[in-house]
2 protein chains.
Amino acid sequence: MISKDHQNVIISAEQLRRFTTEVFGYFGVPHDDAALAADVLAYSDEHGIDSHGVARLKTYYDLLKAGRINPKPVLTIVREKGSVATVDGDNGLGLVVGPKCMEIAMRKANAHGSGWVSVCNTNHYGAAGYYPVMALQEDLIGISMTNTTKGVAPFNGAEKMLGTNPVAIAFPGLHEPPVIIDFASSAVSYGKVEIAKRKGEKIPEGWCIDKDGKSTTEPAEMIEGGALLPLGSTDTGSGHKGYCLASMVDILSAVLSGANWGPFAAPFAIHVAPSGKQVGKGIGHFFGAMDIEGFRDKLDFKKDIDEWIHTMRATKPMPGTEGVLIPGDPERHAYQLRMKSGIPVNKEVVASLRVIAEETGIPFE
Amino acid sequence: MISKDHQNVIISAEQLRRFTTEVFGYFGVPHDDAALAADVLAYSDEHGIDSHGVARLKTYYDLLKAGRINPKPVLTIVREKGSVATVDGDNGLGLVVGPKCMEIAMRKANAHGSGWVSVCNTNHYGAAGYYPVMALQEDLIGISMTNTTKGVAPFNGAEKMLGTNPVAIAFPGLHEPPVIIDFASSAVSYGKVEIAKRKGEKIPEGWCIDKDGKSTTEPAEMIEGGALLPLGSTDTGSGHKGYCLASMVDILSAVLSGANWGPFAAPFAIHVAPSGKQVGKGIGHFFGAMDIEGFRDKLDFKKDIDEWIHTMRATKPMPGTEGVLIPGDPERHAYQLRMKSGIPVNKEVVASLRVIAEETGIPFE
């Protein structure tokens, strides 16, 4: 079904999950792992995070096909001490390694009050928000971070040195839905620059620099050798703070685990060769879970989260805006719509899925 | 000694520490606690964080004099489970409660791999960066956060609902100095707005809104009923991300510990009455410490931090800037200058210290 805007095709959540699971299975990913990886991608598509769902399936497919990702990783706990551990992901799909390491953090939280797992030798893990949402199922506070391939200039720098390095954390409410925070430490995502280019539009000041480190409003000038700016963008906007945040994520995910950090993180793309210099294994993630009961009565905490939500929602709105949302609201809104009406998938993405269907013989419809 | 810019008086670090310690002692703060509180303030003055050192002493003094802070708190561990705990700060100085709770987190990190302490019933704790620097002395990764009195509008809001809620984290290097991250989740500090007002200057777009929630470049319009904006500032700059960060800090510090969160956090000022509604006790902090050895060989980690630092420093500089700094560089630079030449203290701050000297009989010189 073609949606009204003619850019998207409406596909059911079930169809995408079935297809995605079979694609991972095609490369020998064990069934449970394939379903898990499909679930991580589906989380994005079903919650309106279009950049991190099936839009990326072709890249996972290409990397599996090229043998650059191990379909049957054996995870190893490299080191461990009470509430903390480092796991080697055996170059598996981040979509499989990630949930398994989040599970380890959750087990540790149940045993030790909190659990923290740094992961090396892994790959792109989908949307950061998936992992704290796992923790919510056990009423734990969950945290996740990952470093990613370079795309962002450090504050006052003129070249890509850090990834968009997201941070996600979630807190359960009682009658209210949870607070789910998930954001990249760059001013904007690369996807927004790509969309502007496709539409032939300029981009605002503060998003990007060109190959010489000069501010640019031309998407092409960023794409051809430029870089994204960190959250805060400029000296005036406190761009050093976004750089600090990206650095924190890079060090916790990759330096602490022994993965490739900073500009050495592997590209998530088949046509981009990995950095000649390797300073560790794969990319890195960092997961955390905390047992609320270790701090406070869980029911009291959840009641207070409900009141926190009511209080923030009641903020006087800024004129001309929809007013204050709670982190997680946009994704919940998208979920309600999409589970009823299906998922709008960009036509180009659908074309990439049809290529996979053709090459593998897995039916797409 | 009056410095060249005629705005500041140069005072030795020793003189400030001695005076500050005696002022806290005057109210019956035990000597060790008074020296500890003085050390936290001195950290700011000696490292160029002028807004958080003796510039705040008059406010601590006023609050102690008014009986709004307990000079002899008895800290209680309210709840505990392995690596996590909640501490009630007994309405003590944050400058005393903070370091003691960071110590608890550090002891837990040594025992359980990590330690996480949420604190209620406490007050303003100085510069967030002091606490991770404590952890560095034992080669631990240290983290600190605090909520603060309301000053910042949530994204798309038209009134103050959250504090400037800072985050700090530090990582030890081997031959290089540590990476020390410390930043507020607002676009800028209130101090920057005050300075612009004093100088009769306008402020940039993206810093503040006025009492109606409209963007303003007039400092007075923010000060009289307006609000600071979160990091990212606007829709274009991803201001929702700064709001997410401030929310995370607010919930971990105050909802998790049972302190006053959001707009109910106590004001750090004598002439501002606390919110009529109390949703918890005092304000809240959140401290963390992690044992690097629980994740990875410490020496390997530190070597990699050195290489991370070298790599970031080598980034091609943005034209017209000094190039990429490492988080902590500006404070280290200030420290080197100030320990040699003394600390430049604003004349108005010196006048406030002289008022304390006069009222208490404690010699300032």
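Domain bounds here come from an automatic or database domain assignment. The model is predicted. In chain A, the assignment gives three entries. Domain 1 covers 1-72 + 344-365. Domain 2 covers 74-186 + 237-314. Domain 3 covers 188-228.

The centres of domain 1 and domain 2 of chain A, taken over C-alpha atoms, are separated by 23 Å. Contact between these domains involves 16 residues of domain 1 of chain A and 15 residues of domain 2 of chain A. On the domain 1 side, helix H2 (31-46) and helix H3 (57-65) of chain A each supply at least two residues. H2(A) gives the most to this side, with 7 residues. By class, the side of domain 1 of chain A that touches domain 2 of chain A comprises 10 nonpolar, 4 polar and 2 charged residues.

A:Val97 was examined next. This residue lies in helix H4 of chain A, which spans residues 94-112. Around A:Val97, 28 other C-beta atoms fall within 10 Å. The cut-off for a buried residue is 20 or more, so A:Val97 is buried. Beyond residues up to four places away in sequence, A:Val97 touches A:Pro73, A:Leu75, A:Gly89, A:Gly92, A:Val119 and A:Thr122. A:Val97 and A:Ala37 are 60 residues apart in sequence. In space, A:Val97 and A:Ala37 are 9.1 Å apart, C-alpha to C-alpha.

The largest nonpolar core has 233 residues. Residues with the most contacts inside this core are A:Ala37, A:Ala105 and A:Leu228 in chain A, together with B:Ala37, B:Ala105 and B:Leu228 in chain B. The surroundings of B:Ala105 were listed without residues up to four places away in sequence.

The relation between the chains was then computed. Chain B superposes on chain A through a rotation of 180°, with 0.0 Å of shift along the axis. The RMSD is 0.0 Å. The two copies are therefore related as by a two-fold rotation axis. Among the residues of chain B, B:Gly232 comes closest to the rotation axis, with its C-alpha at 2.3 Å.

Technical notes. Residues are numbered from 1 along each chain as its sequence is written. Chains are lettered from A and ligands numbered from 1 in the order in which they are written. This is a predicted model: local features need pLDDT of at least 70, side-chain atom pairs count only at pLDDT 80 or more; totals for chains, interfaces and linings use all residues. A nonpolar core is a set of buried Ala, Val, Leu, Ile, Met, Phe, Trp, Tyr and Cys residues joined through C-beta atoms within 7 Å. A residue is buried if 20 or more other C-beta atoms lie within 10 Å of its own, exposed if 12 or fewer, and partly exposed in between; C-beta atoms are placed from the backbone. Two residues are in contact if their C-beta atoms, placed from the backbone, lie within 7 Å. Helices (H or I, at least four residues) and strands (E, at least two) are DSSP runs, numbered from the N terminus. Ala, Val, Leu, Ile, Met, Phe, Trp, Tyr, Cys and Pro count as nonpolar, Asp, Glu, Lys and Arg as charged, and the others, Gly among them, as polar. Copies are superposed by least squares on the C-alpha atoms of residues with pLDDT of at least 70 in both.
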